[in-house]
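Colleague: I have a model open and I'd like to go through a few spots in it. Can you take my questions one by one?

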Amino acid sequence: MELQSKYRTLRDVPQLDYLSPGGSLCAGCGGLLAVRLFHKVLGKNVVWVNAAGCMTIMVNYPLVPLKSNWLYTAFASAPAGAQGIRDALDILIKKGKIPESEDLKVVVVTGDGAAYDIGLQSTSGAIYRNLDFYYLCYDNQAYGNTGFQVSSATPVGSSTATTPATPSQPAGNIQKRKDLFEIWRAHNPPYIATLSSSYAVDFLKKVEKGSGFRGPKLYISLAGCPTGWGYDPRETIREEKLAVDTGIWPLKEAVEGKVRHTVVPRALRPVEEYLATQARYQHLFTPTKRIDVIRQIQNDVNSYWEGVADREGFDIKLVET
């Protein structure tokens, strides 16, 4: 039987914040929102192990906004850093050097560049060793802090610094995203989830739920990126909600390998509503509307949800193409 969550409505979102206001990240950064919500559930006894990326900019010593602990690592080695910290804590507690009350939750925080690409090897090793840690990927679907280059999390149709829309490549990026959720699931960790700050209660429940498992836990949070995606910073929550409501960003979890979708739009909104609001997709609308690419994206979304509805036994109204 599933345990009752203490997060049931937005009124249950903890008021206590472990991030000081201000900071040097971009206004409207969806990754920062994800870190803030994540921290509210875990409390103050946390050590963040940060692979190079956007969140690295958050900490400019001696200006550290976190009311917790921080370790910076190179792109590929955050899980190795987490292993060292976890081992040190376990040994110190076992020897009585520190009390169990001073134990820390070890959280790797990376962007999609490290999670999907450069850090995947060390992550696979950490899961294989059953390292007891959280892995939070803020997925802004590109290498955000170095100029928005393509990553293997970049969706089809997105224009990036290295996959711009050109006369010879009018669709922008043509490669499909890696499925990090399924890559992790193939390693048999106890808990995996996707998140969106626009569905905050769902977000908090999943972090709370994953805390009940010992071992590797993955969280992939959609991270709206005003500078890279090209929208007004005040619209981050709206953009992330549109991604969920159009079915582009499914909210789901896998407990001991069994997948369940936690937010199911009964009627999908057309993906065009989401694409049209962002500069990275504007080449799909002007000067000529690329109906073929938009239809391909819609068909991929429809196909995904049609399969999910059959497997999980619910009705969903797809978008006609």
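Colleague: Leaving aside its neighbours within four places in sequence, which residues is Q141 in contact with?

Modeller: Q141 is in contact with D112, S151, A153, T154, P155, R177, L222, W229, W249 and R280, with neighbours within four places in sequence left aside. Contact means heavy atoms within 4.5 Å. Before we go on, note that this is a predicted model, where local features need pLDDT of at least 70, side-chain atom pairs count only at pLDDT 80 or more, and totals for chains, interfaces and linings use all residues. Residues are numbered from 1 along each chain as its sequence is written, and side-chain values use heavy atoms, with hydrogens and water left out.

Colleague: Which side chain does the side chain of Q141 make a polar contact with?

Modeller: The partner is the side chain of R280, at 3.0 Å. A polar contact is a pair of N or O atoms within 3.5 Å; within protein, one must be able to donate a hydrogen and the other to accept it, and residues adjacent in sequence count only if both atoms are side-chain atoms.

Colleague: Where is Q141 found, and is it buried or exposed?

Modeller: Q141 is in the loop between β4 (133–139) and α5 (180–185). Helices (H or I, at least four residues) and strands (E, at least two) are DSSP runs, numbered from the N terminus. Q141 is buried, because its relative accessible area is 4% and buried means under 20%, with exposed over 50% and partly exposed in between (1.4 Å probe, protein chains only).

Colleague: What is the phi of Q141?

Modeller: Phi of Q141 is positive, about 70 degrees, although Q141 is not a glycine. F148 also has a positive phi, near 60 degrees, and is a residue other than glycine. F148 is found in the loop between β4 and α5 and is buried, with a relative accessible area of 7%.

Colleague: How many residues apart are T162 and D179 in sequence, and what is the distance in space?

Modeller: T162 and D179 are 17 residues apart in sequence and 21 Å apart in space, C-alpha to C-alpha. For A165 and L284 the values are 119 residues in sequence and 9.0 Å in space, again C-alpha to C-alpha.

Colleague: What does A165 touch?

Modeller: Not counting residues up to four places away in sequence, A165 touches S159, P170, G172 and H283. A165 is in the loop between β4 and α5 and is partly exposed, with a relative accessible area of 32%.

Colleague: Change of topic, helices. At what angle do α1 and α6 pack?

Modeller: Helix α1 (residues 30–42) and helix α6 (residues 200–210) pack at about 50 degrees, with their axes 9 Å apart. That makes α1 oblique to α6, because angles under 35 degrees count as roughly parallel, over 145 as roughly antiparallel, 65 to 115 as roughly perpendicular and the rest as oblique. The axes are lines fitted to C-alpha atoms, for helices over the stretch in contact, and the angles run from 0 to 180 degrees between N-to-C directions.

Colleague: Which residues make the contact?

Modeller: A34, L37, F38, V41 and L42 of α1 meet A200, F203, L204, V207 and E208 of α6. These residues divide into nine nonpolar, no polar and one charged. Ala, Val, Leu, Ile, Met, Phe, Trp, Tyr, Cys and Pro count as nonpolar, Asp, Glu, Lys and Arg as charged, and the others, Gly among them, as polar.

Colleague: And S221, where is that?

Modeller: S221 is in strand β6 (residues 216–222) and is buried, with a relative accessible area of 0%. Apart from neighbours within four places in sequence, its contacts include A34 and F203.

Colleague: Last one: is the peptide bond from T286 to P287 cis or trans?

Modeller: The bond from T286 to P287 is cis, with omega near -5 degrees. P287 is in the loop between α9 (271–275) and α10 (291–312).
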